[in-house]
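This report describes the surroundings of a ligand and the pockets of a protein. Please examine the sequence and the structure before reading on.

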Amino acid sequence: MIKIRYVDSHTGGEPTRMVLEGFPDLSHLPLRQRVEALRRDHDRYRAAVASEPRASDVMVGALLMPPTETGSVASVIYFNNVGYLGMCGHGTIGVIATLRYLGRIGPGVHRLDTPVGTVSCDLRGDGSVSIENVTSYRYRKGVSVEVDGFGTVTGDIAWGGNWFFLVDAKDRTMDVKHIDSLQKFAVAIREALAKSGITGRDGAEIDHIELFGAPSNASLDSRNFVLCPGSAYDRSPCGTGTSAKLACLAADGKLAEGETWRQESIVGSVFEGRYRQVDGGIVPTISGTAYVCGEGSLLMDPADPFCWGLQPVASP
Ligand code: PYC
């Protein structure tokens with residue numbers, strides 16, 4: 001049996017499963033090449049951890065490895081039931097809370113290497129975490145696309161550690177009762193973007209769709225619905241999505257440097273965001289809290305026909 005040791009947490013309702021042991025050792029490779037090696041040669045490990053029968057499409061995995069940069073506490077690769085993520089905001093808050101739970105770090109600032117850059121995480125005594133994310137920017141403003149069944153939809157394309165299409169959806173009811181219709185709308189937008197050849201920089205696929213509407217109360221600035229790669233929606237307000245939103249607000253002059261933005265998720269959890277201006281965009285700081293909620297080992301029995309998940313994967 002192969003054994004994979006993990007600790008689960010959730011950040012604003014969105015789960016992170018941090019993998020401690022059991023994956024192939026890729027530490028001899030630079031971080032981006034580790035992602036390629038995982039995808040090419042060991043993709044079944046991703047599928048086993050982040051999909052059925054051991055998880056569901058909402059699970060985000062975080063493979064913890066030794067740091068690649070001097071001064072960092074660890075490196076991490078994020079993934080879900082369909083593939084790999086660049087950065088993950090809720091996941092990073094979860095990883096920091098988990099490292100604290102394991103006694104590996106205490107309050108203070110800790111750097112974490114991700115495939116799209118090193119992020120800085122401030123763990124406070126009360127368990128809350130502020131992440132200084134990778135440089136984020138709006139790539140294109142006011143891009144229109146014809147969406148089957150919905151007509152013309154206009155949004156901005158922005159990078160926040162992943163690629164997002166951000167749509168003002170004030171005409172839609174943003175609450176849990178409307179998740180099905182929000183999901184259908186977001187999936188249709190993503191399909192339309194792909195069909196129309198609309199991408200992020202260098203032809204990158206836009207795999208996250210973010211809809212914005214009115215928050216549930218006046219102390220908050222906005223409520224979002226975020227479609228993640230695959231068909232799951234983010235239960236948290238999405239750290240990289242909030243970073244992309246801050247980049248658009250900054251570009252439009254709608255939020256000043258240092259001012260706080262309170263982003264509510266579709267299930268009512270909240271991240272606070274602010275930014276500082278840098279060459280080429282902004283550096284967002286996203287704050288939230290994660291709670292450790294499980295730990296254990298996953299067992300891969302070679303006799304089990306669904307040992308590596310229900311779907312065949314691209315590589316063994
Ligand atoms: O918090 O950045 C995030 C995220 C991405 C996908 C799910 N959560």
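The ligand sits in the largest cavity. A cavity is a set of points, on a 1 Å grid over the protein atoms alone, where a 1.4 Å probe fits but cannot get out; a molecule sits in it if more than half of its atoms lie within 2 Å of its grid points. The model is predicted, so that local features need pLDDT of at least 70 and side-chain atom pairs count only at pLDDT 80 or more, while totals for chains, interfaces and linings use all residues. Residues are numbered from 1 along each chain as its sequence is written, and side-chain values use heavy atoms, with hydrogens and water left out.

**The ligand and its shell**

Glu14, Cys88, Gly89, His90, His208, Cys228, Asp234, Cys238, Gly239 and Thr240 surround the ligand, each with a heavy atom within 4 Å of it. Three of the shell residues are nonpolar, five polar and two charged; in this scheme Ala, Val, Leu, Ile, Met, Phe, Trp, Tyr, Cys and Pro count as nonpolar, Asp, Glu, Lys and Arg as charged, and the others, Gly among them, as polar. Helices α3 (89–101) and α5 (239–251) each supply at least two residues of this shell; helices here are DSSP runs (H or I, at least four residues), numbered from the N terminus.

| Protein atom | Distance to a ligand oxygen |
|---|---|
| His90, polar backbone atom | 2.8 Å |
| Gly239, polar backbone atom | 2.7 Å |
| Thr240, polar side-chain atom | 2.7 Å |

On its own the ligand has 240 Å² of accessible area, of which the protein covers 99% (Shrake-Rupley method, 1.4 Å probe).

**The pockets**

A pocket is an open set of grid points with protein on both sides within 12 Å along at least five of seven lines, and its lining residues have an atom within 4 Å of a point. The largest pocket has a volume of about 680 Å³, a volume being the space filled by probe spheres set on the points. Its lining comprises 22 residues, and Arg39, Tyr84, Leu85, Gly86 and Asp207 lie nearest its centre. Helix α1 (residues 31–41) gives the most to this lining, with four residues.

The second largest pocket has a volume of about 440 Å³. It is lined by 21 residues, and those closest to its centre are Asp168, Lys170, Phe212, Lys245 and Lys254. By class, this lining has eight nonpolar, four polar and nine charged residues.

Conventions. A polar contact is a pair of N or O atoms within 3.5 Å; within protein, one must be able to donate a hydrogen and the other to accept it, and residues adjacent in sequence count only if both atoms are side-chain atoms.
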